[in-house]
Amino acid sequence: MKASFLIGATVTCLAGGVQATEIEVTHWWTSGGEAAAVAEFAKAFDASGNKWVDGAIAGSGGVARPVMISRITGRDPMGATQFNHGQQAQELVEAGLMRSLEEVAQADGWRDVVHPASILKSCEIDGQIYCVPVNIHSQLWLWLSNAAFEKAGLPVPKDWNELVAAAPKLREAGIQPLVIGQQPWQAGLVLQNLIAAVAGPEIYGKVLSEKNLEAVDGPEMAKVFEALQTARELSTGSNVQEWNQATAMIINGTAGGQIMGDWAQGEFAIAEQVAGKDYTCLPALGMGEIVSTGGDAFYFPKVDDPAITKAQEDLARVMISPEAQVAFNLKKGSMPVRGDVNLDAANDCMRKGLDVLANGAIVEAQDQALSADASTQFNDLMIQFFNQPDMTTEDAKAGLKDILEFDS
Amino acid sequence: MADITFEGPYGRRPRSRISAQNIVIYSVLTLVAIYYLIPLYVMVVTSLKGLPEIRMGNIFSPPIEATFEPWARAWSSACTGLNCDGLQRGFWNSVRITVPSVVFSILIASINGYALANWRFKGSEVFFAVLMIGAFIPYQVMIYPMVILLRELGIYGTLTGLVLVHTIFGMPILTLLFRNYFTTLPEELFKAARVDGTGFWGIYFRIMLPLSVPMLVVAVILQATNIWNDFLFGVVFTRPEYYPMTVQLNNIVNTTTGVREYNVNMAATILTGLVPLLIYFVSGRLFVRGIAAGAVKG
Amino acid sequence: MAKSRASGRPFRLFRNINAKLAAIPMILTAMVVFVGFSAWTITYSFTRSRLLPKLDFVGLGQYERLWASDKWLISIQNLVIFGICMLVLSFVIGFLLACLLDQKIRFEGVFRTILLYPFALSFVVTGLVWQWILNPDFGIQSIIRGMGWQSFTFDPLNDGRIVIFGVVIAALWQGTGFVMVLMLAGLRGIDDEIWKASRVDGVPAWKTYLFVVVPMLRPVFVTTLVIVTAGIVKVYDLVVAQTGGGPGIASEVPAKYVYDQMFLNQNLGQGFAASTMMLLTVAIIIIPWAYLEFGGRRRG
């Protein structure tokens, strides 16, 4: 593989790309683990006789997105670009700026191999597939610090309710029961988790995916808002901004629990903590077998150059190939998009996730269910709720209904 | 806030030699100088520490064991995406962007200032007023129409396009400075040249430009700093082969997941700021002189 | 004879033709970019544009939503506080420092360089460094507590009510040196005769500064005002780097609202509506002032 990579590179240098087509790939994976994961794709792609030109730009929404949109609308597109799958790229597709991968998808039977099917569905617009999903990140996890509970003389909770019950004791021991970073999306994540865990996947689908306002008024959601109020009480006093700072508090035992996506595992891995021994991970707050199918996908802008068109197809095939899926997702700490690959090397938490993915309930991630606009408003509403003790759950509910109504 | 107000009361009599007063002046200035140096000190000290030492806390304490490894990493091996060659990749790009942008934007703005000061025509002040309002528009709003404009001109994604963008957005403030400067030059100079039959361009190149060296220095400093520090335009209007150093800096500093290597961040930050800092350290005096020459009479 | 630059005679198109040709880049920039793009932006602020600009008009819908948005109201409030603090403090501190430096002191160059160097650094760097220094766990607060004053609390970045002042501290550090240099340059231009005259008359120095020097520095103040205010209205990078708009949305500013709406929310129409409001405010303040300042006869 290495040899062919070298040959590919040499050919490009000597002949200006007679055989190896250079393709520029834009993405926002810049941290150590992420970059290592992308490198797996690049390696596999280069081995197919093409050349991956890396266009990494850190900062998903704020920085990378204007670049992607500018390049595409400026008619100087990159060969491929990362997007969260879901509604974000839809308009670019509708404007005819992205190419359809339908032919490749049909030829290779993507609809048969991609699991869960819903993840490919979010790439589909008017019956055509426009993106390659590359991974699944579930956002429905509760991370607990075993050390914190030991210090407070308590058993590690098995679900959200036990955490709530343990909170007073944790406070007594000087431990923050629940830590939530101050970035709005982290607060959004809390409500998302509570809806899935407390009200269940069915209500989750009704509220977020279908925007059913009656469901918001229903008895299950009433419990969710009650739990939200509790979460606010539990998180009072947490004073960190970024999610990894919050995770650090779980790692060093100064906080009991954090609600965060599965990418938090990376932090535990770097701190050399072992799942089950040093920390505990509970899918859907330990209250059900539910995962959400957030994740990343790659889109391919329309280009005229047939060589690049061909290379785009090669890249799409590489990304969804079983070998690249395994190599990429192991490094990324996410779950593969196909059910027919084997992740023996996965750690405990990830295996729990894979189990749920295979057998449990699957719900759409916030990005898929809501438009970017509604999603940001949702997050803003939640961070306001968490920061303003005088904001009632009724206010939060009314705000949520406004957002959902506006988005449907 | 509490830590600013200590710059409060002090005497301000000119040129007296009373030593008590001088003591007050020097001690105030020294205190202020220390305050101003603290962040630089923190940056340097942090960049020389190892990560474990940083986690221990106290950002003000000097490194127990100084290491230049973060600097080496920031310059030549920090990864941004797949490219693990640090900031050096973007350094020459930054130079390639900054030099033509500075030259071109200053040339245009000085001609503007000259025309506005010495050759006013009907409507010229209106255009100037529009430019002044333009100075207040957040750049970000302009991204979409600018992409369309550059695309229609056929220079989207090129260095030319980026130079044009820098020229346009640098124009308001630079034009203001040059216009003010040229109005302060004695009118007699201009009149005498006119009597000799020298035309618009002749006066500009033979008289005005040579006389405007102090202002040119100011403009170069301002523009070089702004353009060197620019991130948004460099990344939105070009392609990866032109990405300036600030893009790598962003990628190193701004990673959203994973460990933050604060020492490498700080080293990268200082390295990126080194060029503008050097310009200031070397030409700070000329800067004041240039503004003194131009800014007093408006 | 050649037409004098201040003459107000009627012009024909080819009069002064070289100047007009030379001004073409400026005219194009003013008309195409600043006027044209603004008109474009305003037009699209009445549409439902989301990711891409589309002429799908919704009337004043975007504006109604804008003014109903807490985030926007907080942004404006923050900008007002930030703007007033910045203008007053940077002018006062900048002027006082300039006066101190103008006392024919030794090491002037050293002091000046130290005060000016932050201006060479980008806002991103500034934000990052001050985020650290103001961090309660290892910044100022922990140092003072370490010195034994355990109850000392200075944690602006985590307190939504005062976070904007934390941003002001950083912005002042970055920008005051430049204001100081502008003022210093102005002071250098003041004629020595004025000092002599005031001393002969026995006027106290502070009175000379306040009533003679300050009015003479009006042009410097105007230039500084334009530069500083333009920076205030556009403040974005600093907030992003230092607080990210947080805690929560407590340190949001209008430029960030615009940008986030455009790219994070993918709601161009809303972003354009917000930027139109900013533009309108600026225009209402600037146009009459620019007319008086630059539109009338030029002072020699």
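1. In chain A, residues 1-18 have pLDDT under 50, and the model has 19 contacts beyond four places in sequence for them. Here pLDDT is the predictor's confidence in each residue, from 0 to 100, and two residues are in contact if their C-beta atoms, placed from the backbone, lie within 7 Å. Over chain A the mean pLDDT is 88, with 94% of the residues at 70 or more.

2. This is a predicted model, in which local features need pLDDT of at least 70 and side-chain atom pairs count only at pLDDT 80 or more, while totals for chains, interfaces and linings use all residues. Residues are numbered from 1 along each chain as its sequence is written, and chains are lettered from A and ligands numbered from 1 in the order in which they are written.

3. Chain A is assigned domain 1 (2-136 + 295-338) and domain 2 (141-292 + 357-407); such bounds come from an automatic or database domain assignment. The C-alpha centres of these two domains of chain A are 31 Å apart. Their contact involves 13 residues of domain 1 of chain A and 11 residues of domain 2 of chain A. On the side of domain 1 of chain A that touches domain 2 of chain A there are 3 nonpolar, 10 polar and no charged residues. In this scheme Ala, Val, Leu, Ile, Met, Phe, Trp, Tyr, Cys and Pro count as nonpolar, Asp, Glu, Lys and Arg as charged, and the others, Gly among them, as polar.

4. Some backbone details of chain A can be checked by eye. The peptide bond between A:His115 and A:Pro116 is cis, with omega about -5°. A:Pro116 sits in the loop between α6 (110-113) and α7 (117-121) of chain A. Helices (H or I, at least four residues) and strands (E, at least two) are DSSP runs, numbered from the N terminus.

5. A:Lys211 is not a glycine, yet has a positive phi of about 55°. Its loop runs between α11 (201-209) and α12 (213-217) of chain A. A:Lys211 counts as partly exposed because it has 19 C-beta neighbours inside 10 Å. A residue is buried if 20 or more other C-beta atoms lie within 10 Å of its own, exposed if 12 or fewer, and partly exposed in between.

6. A:Leu285, also not a glycine, has a positive phi of about 55°. A:Leu285 is placed in the loop between β10 (279-283) and β11 (290-292) of chain A. With 24 other C-beta atoms within 10 Å, A:Leu285 is buried.

7. Chain B has 13 helices and 0 strands. Of its 298 residues, 52% count as buried. Among contacts in chain B with a separation of 6 or more, 73% are between residues 24 or more positions apart.

8. Chain B is divided into domain 1 (5-77) and domain 2 (89-295), with 30 Å between their centres over C-alpha atoms. In chain B, 13 residues of domain 1 are in contact with 11 residues of domain 2. On the domain 1 side, α1 (19-47), α2 (51-55) and α3 (69-77) of chain B each give two or more residues. The largest share, 5 residues, comes from α3(B). That side of domain 1 of chain B has 8 nonpolar, 3 polar and 2 charged residues.

9. Between chains, 24 residues of chain B are in contact with 31 residues of chain A. On the chain B side, α6 (143-153), α11 (232-236) and α12 (245-253) each supply at least two residues, and α6(B) gives the most, with 4 residues. By class, the side of chain B that touches chain A has 11 nonpolar, 11 polar and 2 charged residues.

10. In chain C, helix α6 (residues 123-133) is mostly covered, with 10 of its 11 residues buried. The buried residues of α6(C) include C:Phe123, C:Trp130, C:Trp132 and C:Ile133.
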